[in-house]
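Morning, everyone. Please take a look at the model on the screen, and then we'll talk through its charged pairs.

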Amino acid sequence: MSTVDQNQTSQYRQTIIIGSGTAGLSAAYQLQKLGCKSVFILEGSNRIGGRILTEYLDKDLTQPLEMGACWMHGLQENPVYELAQRENFPSHTGTILSFDIGTCVDEHGLQISSDLHHEVDEFFESLLQDTRDLFEYQQQNNTQISSTSIHKVFLEKFENFVNLNGGDQETRCLKLKLLQRSATIACMWLMRRYKLSANIALKRLRLARPIVHPNPSFSAQLYLFEQMNNQLDLNYGLYKEFQFERTRAVYIDYDTENDGIDGKNNLRQQFHAAFTLPYGHATCTIIETYICRECHRELFTNADLSRHSEGSGLFDWFMKYGVEKQMKSVPEKECQQKLFTNYLEWVMIQIDQPENAHFDNIKCPQCSTIVGKYNLNGAKCSCGRWVTPALYFDIDKIEQKAITKMNIETKNISS
């Protein structure tokens, strides 16, 4: 069959897309652009849009309130960011580990004033502090405050803030929009209040709002919160690793061309300073050591291996501790095709210089032989997974020493 005939035939093939969220609608749009005439979208709910949901504050439908998909994370290779740029939305590059630096815009693409943004952030932080104070009061006095009383107090504070200093209708609506937060916060409250696991808390939350479906990032934070016994522990090993992953994401998004090399240097130093040994490899009864073939210097052990499940799509820290750890219902097959590791202390010394593009060779620290590669943006495994970040070793440049049986604890920094 000729190429022309194949194209003509493909126009009439039936294509079924599962789900009418952003991905499903985008797939249908691209297929139609390519000439596919028969596309069916199957949607389980009574509306399209997935996590994108617009409610309205008035009966005339003139004051929209977005209930989800309000934050744009990451700038590199982000189609949403590229779309925002084409529409001339304001952009912003922030400093590391700060949540109050983003640029906020309304539904028309107009930037919301930073003063109002900070005012709302401060009020939200005050609500969180009130919640912490309430928990401490109940624990110290061994008492229980009725949910009706709590609701009344918080509702009054909320209404007072929204109507503070009078304010016109537009300002009040902007405050409401800026106050939105993920259902993850509500889930964490249930976990802490009733000592629930993340899965049970999510099930309860979905009884009230079936649309709740945390993305891998929020799922990972729920799992992290559960591991910390439903309270914040800044010294907990997994929390430190979570912070380290966030520094990597901010670091690789920094634009040296527009924002200068000095800022990049500062971020690199913060990225290295945030390094912590990988969490979750505490009990090893069998140790396999991997050495450089050239000089026989020990490079890492099996406790340092970063394992991922076979398949396609992204696999990063949030997948590992979110979807993979918490939400997965059917066990997936672990990939054995390539040798990826977690961050290693000696590799961290080599990782990244301001002038490179976040990828380079990994050299043996003793003889400087190239034994692998790293890429902070990720790399594709032969199984199909895109592993982020990627530290992988050439099996022809390293060799595995004899297995030693022992009972040790490795890289456990949970306290």
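Glutamate 334 is partly exposed, at 33% relative accessible area; that label covers 20% to 50%, with buried under 20% and exposed over 50% (1.4 Å probe, protein chains only). This is a predicted model, where local features need pLDDT of at least 70, side-chain atom pairs count only at pLDDT 80 or more, and totals for chains, interfaces and linings use all residues. Residues are numbered from 1 along each chain as its sequence is written, and side-chain values use heavy atoms, leaving out hydrogens and water.

Which residue does glutamate 334 meet in a salt bridge? Arginine 307, at 3.5 Å, N to O. A salt bridge here is a side-chain nitrogen of Lys or Arg within 4 Å of a carboxyl oxygen of Asp or Glu.

Next pair. Glutamate 399 bridges to arginine 293, with the closest N and O atoms 3.9 Å apart. This pair ties together parts that are 106 residues apart in sequence. Glutamate 399 is partly exposed at 28%. Arginine 293 is partly exposed as well, at 42%.

Last pair. Arginine 248 and glutamate 245 meet at 2.5 Å, N to O. Are they buried or exposed? Arginine 248 is buried, at 5%. Glutamate 245 is buried, at 4%.

Notes
Helices (H or I, at least four residues) and strands (E, at least two) are DSSP runs, numbered from the N terminus.
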